[in-house]
Amino acid sequence: MTATTLVIARGAYDDVVRQGYDGGDREICGILAGTYGDEESVVRETHQVTNVAGTPQTRYAMDPEEQLAVIDAIEDAGRDVVGFYHTHPTGPARPSDTDAARATWPGYSYAICAFDGYPYLGSWRWTGDGFERETVRLVADDE
């Protein structure tokens with residue numbers, strides 16, 4: 001796979017961090033919206049989706065009906081689904097084996113915000129066989 005970049009607007013980045021702090025010891029999750037590209041995707045909005053996992057402290061599972069409604073709303077607004085995000089309240093700052101087992105959208109970004117003293121947001125593209133790290137570039141909301 002070619003090296004990829006996830007460009008994320010400052011407001012969208014701040015939303016993920018704020019949602020993570022608000023989630024406390026529970027993983028939060030959602031959908032990244034903007035402009036999808038094979039080599040570079042741009043995130044303009046985040047859409048939090050309810051985590052219905054049985055153990056939300058260590059897992060996430062998006063409410064399927066809510067997830068579908070959010071995807072429809074993103075597409076109706078003329079935006080693309082760029083990928084997905086969730087938090088790791090106690091780390092690690094990389095995809096877990098469970099994340100890899102549950103990934104289902106090849107070519108899309110999976111951003112993880114980990115909180116180990118300070119927030120760190122990393123992103124990986126799912127290849128269908130595994131995750132490949134991508135560059136994350138933060139930009140101003142109007143760029």
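Which strand does C113 lie in? C113 lies in strand β5, and the views below start from there. This is a predicted model, where local features need pLDDT of at least 70, side-chain atom pairs count only at pLDDT 80 or more, and totals for chains, interfaces and linings use all residues. Residues are numbered from 1 along each chain as its sequence is written, and side-chain values use heavy atoms, with hydrogens and water left out.

View 1. C113 is buried, at a relative accessible area of 1% (buried means under 20% relative accessible area, exposed over 50%, partly exposed in between, with a 1.4 Å probe and protein chains only). Leaving aside residues up to four places away in sequence, C113 touches V16, V17, H86, T87, H88, P119, Y120 and L121; contact here means heavy atoms within 4.5 Å. S96 is 17 residues from C113 in sequence, and the two sit 13 Å apart in space, C-alpha to C-alpha.

**View 2. Strand β5, covered on both faces.** Helices (H or I, at least four residues) and strands (E, at least two) are DSSP runs, numbered from the N terminus. Seven of the seven residues of β5 (residues 109-115) are buried, so the strand is largely enclosed by the rest of the structure. In a regular strand the side chains alternate between the two faces of the sheet. Here S109, A111, C113 and F115 are buried on one side, and Y110, I112 and A114 on the other.

**View 3. The neighbours of β5.** Two strands count as paired if DSSP finds at least two bridges between them. Strand β4 (residues 80-88) runs parallel to β5, with six bridges joining the two, and T87 has C113 as its bridge partner. To get from β4 to β5 the chain goes through helix α3 (residues 97-102), in a right-handed β-α-β crossover (right-handed if, with the strands pointing away from the viewer, the path from the first strand over the helix to the second runs clockwise). Strand β6 (residues 119-126) pairs with β5 in the antiparallel sense over seven bridges, and S123 of β6 stands opposite A111. β5 and β6 make a hairpin with three residues between them, and G117 in the turn has a positive phi of about 95 degrees.

View 4. Seven strands close into a barrel with mixed pairing, in the order β1-β3-β2-β4-β5-β6-β7. Strands β1 (residues 5-9) and β3 (residues 40-49) run parallel, joined by four bridges, and V7 stands opposite V42 in β3. Among the residues S41 touches are T5, L6, V7 and R125.

**View 5. Helix α1, one side in and the other out.** The 14 residues of α1 should span 20 Å at 1.5 Å a residue, and the end C-alpha atoms are 20 Å apart, which agrees (the expected span is 1.5 Å times one less than the number of residues). Which residues of α1 are buried? They are A12, Y13, V16, V17, Q19, G20 and G23. These cover an arc of only 160 degrees around the axis, which puts them on the same side of α1; the arc is that of the directions from the helix axis to the C-beta atoms. They pack against β1, β3, β4, β5, β6 and β7. On the other side of α1, Y21 and D22 are exposed. After α1 comes G24, with a positive phi near 60 degrees.
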